[in-house]
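Good morning, and thank you for making time for this presentation.

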Amino acid sequence: MTSPSIVTFAPVRRVAVLGGVHGNEMSGIFLTRHWLQDPGELQRSTFSVMPLMANQLAVEQCVRYIQKDLNRCFLPENLNSESDQSLPHEIVKAKELNELLGPRGSETAMDLVIDLHNTTANMGDCLVICNSSDHFNTHLAAYIQ
């Protein structure tokens, strides 16, 4: 019989909460606007939280995106491309967000990024995690359920 292993995690010190990745998903937009006006509701003594409107232009126009789905723009070839005026709006935003929130794995990267979305599907609350083998993500999902 094997004994259970103990898993420890590095403390979460910096969290970003994004709304408006899709400019027509109003729940995240509403919450982000609220937290930008009253950030105290998010703050904790053990970590800092940064609310951020991810795609302000799409929010202003109340459209999902301007040229490309922002969630599909975080590919290495987009993030590492040379910046110029011909890039689609959302690739520019992805590059800006990557610089602000990361880059992933760097010393300056956020420990956790929460991307708020909503849907018209009758599915209740939903948490999509990017890596099911990440113990932190699976514990977070179990806690939220």
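**A walk through the model**

Cysteine 62 lies in the loop that connects α2 (56–61) with α3; helices (H or I, at least four residues) and strands (E, at least two) are here DSSP runs, numbered from the N terminus. This is a predicted model, in which local features need pLDDT of at least 70 and side-chain atom pairs count only at pLDDT 80 or more, while totals for chains, interfaces and linings use all residues. Residues are numbered from 1 along each chain as its sequence is written, and side-chain values use heavy atoms, with hydrogens and water left out.

To stay with cysteine 62, its phi is near 50°, a positive value in a residue other than glycine. With a relative accessibility of 44%, cysteine 62 counts as partly exposed. The cut-offs are these: buried means under 20% relative accessible area, exposed means over 50%, and partly exposed is in between, with a 1.4 Å probe and protein chains only.

As background, most residues other than glycine have a negative phi, and most peptide bonds are trans. Valine 128 is 25 residues from proline 103 in sequence and 21 Å from it in space, C-alpha to C-alpha. Valine 128 belongs to the loop between β3 and α5, and its relative accessible area of 72% makes it exposed.

Let me turn to the overall architecture. The protein has five helices and three strands, and along the sequence they follow the pattern β-α-β-α-α-α-β-α. Along the principal axes, the C-alpha atoms fill a box of roughly 60 × 35 × 30 Å. Of the 145 residues, 30% count as buried. Taking contacts (heavy atoms within 4.5 Å), 62% of those between residues at least 6 apart in sequence join residues at least 24 apart.

Next, strand β1. Five of its six residues are buried, so β1 is largely enclosed by the rest of the structure. β1 and β2 run parallel and are joined by six bridges; two strands pair if DSSP finds at least two bridges between them. Within this pairing, glycine 19 has methionine 53 of β2 as its bridge partner.

Arginine 14 is also part of strand β1, and at 29% relative accessibility it counts as partly exposed. Leaving aside residues up to four places away in sequence, arginine 14 touches Ser48, Glu107, Thr108, Ala109, Met110, Asp111 and Leu112.

Phenylalanine 9 sits in the segment before β1 and is partly exposed, at 39% relative accessible area. Which residues does phenylalanine 9 touch, not counting those up to four places away in sequence? They are His135, Phe136 and His139. The C-alpha atoms of phenylalanine 9 and histidine 135 are separated by 8.5 Å, although the two residues are 126 apart along the chain.

Now to helix α4, residues 89–101. Its 13 residues reach 18 Å from the first C-alpha to the last, close to the 18 Å expected at 1.5 Å a residue; the expected span is 1.5 Å times one less than the number of residues. Which residues of α4 are buried? They are Glu90, Ile91, Lys93, Ala94, Lys95, Leu97 and Leu101, and they pack against β1, β2 (48–53), α3 (76–79) and β3.

On a 1 Å grid over the protein atoms alone, a pocket is an open set of points where a 1.4 Å probe fits, with protein on both sides within 12 Å along at least five of seven lines, and lining residues have an atom within 4 Å of a point.

The lining consists of Val12, Val15, Val17, Leu42, Arg44, Phe47, Val49, Leu112, Ile114, Phe136 and Leu140. Two or more of these residues come from each of β1 (14–19), β3 (112–115) and α5 (135–144). By type, the lining divides into ten nonpolar residues, no polar and one charged, where Ala, Val, Leu, Ile, Met, Phe, Trp, Tyr, Cys and Pro count as nonpolar, Asp, Glu, Lys and Arg as charged, and the others, Gly among them, as polar.
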